[in-house]
Amino acid sequence: MSGPRGRSSLIAGGEAAKGTRMSGEQGTVRVETEWQFDVRDPAAVEQWLLARPASRVPFITAGPARRLLDAYYDTSDWRFFRAGYAFRLRGEGASIEATLKALVRPRNHLARRSEIAETLLEFAALRRSQGPVGRRVRDMSDRRPLHRLFILETRRRMLYAAWPGG
């Protein structure tokens, strides 16, 4: 085997869900479209994409590498999972992003899922938040304690595709 095997994904978009109103709320409701695929060496795929000649369309550029630390939670009776969601906290800098992600199976390696996110200053603020995630977490958990299931560390480097005139 040549190098580590891993899951790679290309996120095609994070557009706001149509018809969603967020007036007065601090948070976002969006639909994420992600192309998921297994590769033996994700770094080789990244190098191949970035080595494309500048004359090729679309133009591929890379953003900076980021280290993400995500903690996933649920209640002892798996209320979020049974409702079809994963509840994640992602710490970046001085804030925390709380996210409810719909659990969907990819079809032909393409996953489209709704995602509800809210920025918090601290984990304890979740229970008193009036934002879209705080309200849903209270409703779904029925104030039961949240248990950390696992922590996931990811290295992510976004690749951007651009078309001339677009």
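This is a predicted model: local features need pLDDT of at least 70, side-chain atom pairs count only at pLDDT 80 or more; totals for chains, interfaces and linings use all residues.

Me: How many aromatic pairs does the structure hold?
Reply: Rings pair here if their centres lie within 6.5 Å. By that cut-off, the number of aromatic pairs is 5.

Me: Is the pair of Y72 and F150 stacked or edge-to-face?
Reply: The ring centres are 4.9 Å apart. Planes under 30 degrees apart count as stacked. The planes of Y72 and F150 meet at 20°, so the pair is stacked.

Me: How many residues apart in sequence are the parts that Y72 and F150 tie together?
Reply: Y72 lies in strand β3, residues 59-74. F150 lies in strand β7, residues 147-162. The pair therefore ties together parts whose separation in sequence is 78 residues.

Me: Are the rings of Y73 and F87 stacked or tilted?
Reply: Their centres are 6.2 Å apart. Stacked needs planes under 30 degrees apart, and edge-to-face needs over 60. The planes of Y73 and F87 are at 50°, so the pair is tilted.

Me: Which strands hold Y73 and F87?
Reply: The two residues are 14 residues apart, and their pair links distant parts of the chain. Y73 is buried at 13% relative accessibility, and F87 is buried at 1%. Y73 is in strand β3 and F87 is in strand β4.

Me: Which residues do ring pairs link into a cluster?
Reply: Y73 and F87 belong to it.

Me: Why is strand β5 largely enclosed by the rest of the structure?
Reply: Strand β5 covers residues 95-102. It is largely enclosed because the buried residues number 6 of the 8.

Me: How many bridges join β5 to strand β6?
Reply: β5 also pairs with β4, through 8 bridges, and those two run antiparallel. There, R90 has E97 as its bridge partner. Towards β6, T99 stands opposite A117. β5 and β6 run antiparallel too, and the bridges joining them number 6.

Me: Where is the cis peptide bond that joins V57 and P58?
Reply: Its omega is about 0°. P58 sits in the loop between α1 and β3.

Me: What is the phi of D142?
Reply: D142 is in the loop between α3 and β7. It is not a glycine, yet its phi is positive, at about 55°.

Technical notes: Residues are numbered from 1 along each chain as its sequence is written. Side-chain values use heavy atoms; hydrogens and water are left out. Rings of Phe, Tyr and Trp (its six-membered ring) pair if their centres lie within 6.5 Å; planes under 30 degrees apart count as stacked, over 60 as edge-to-face and the rest as tilted. Helices (H or I, at least four residues) and strands (E, at least two) are DSSP runs, numbered from the N terminus. Buried means under 20% relative accessible area, exposed over 50%, partly exposed in between (1.4 Å probe, protein chains only). Two strands pair if DSSP finds at least two bridges between them.
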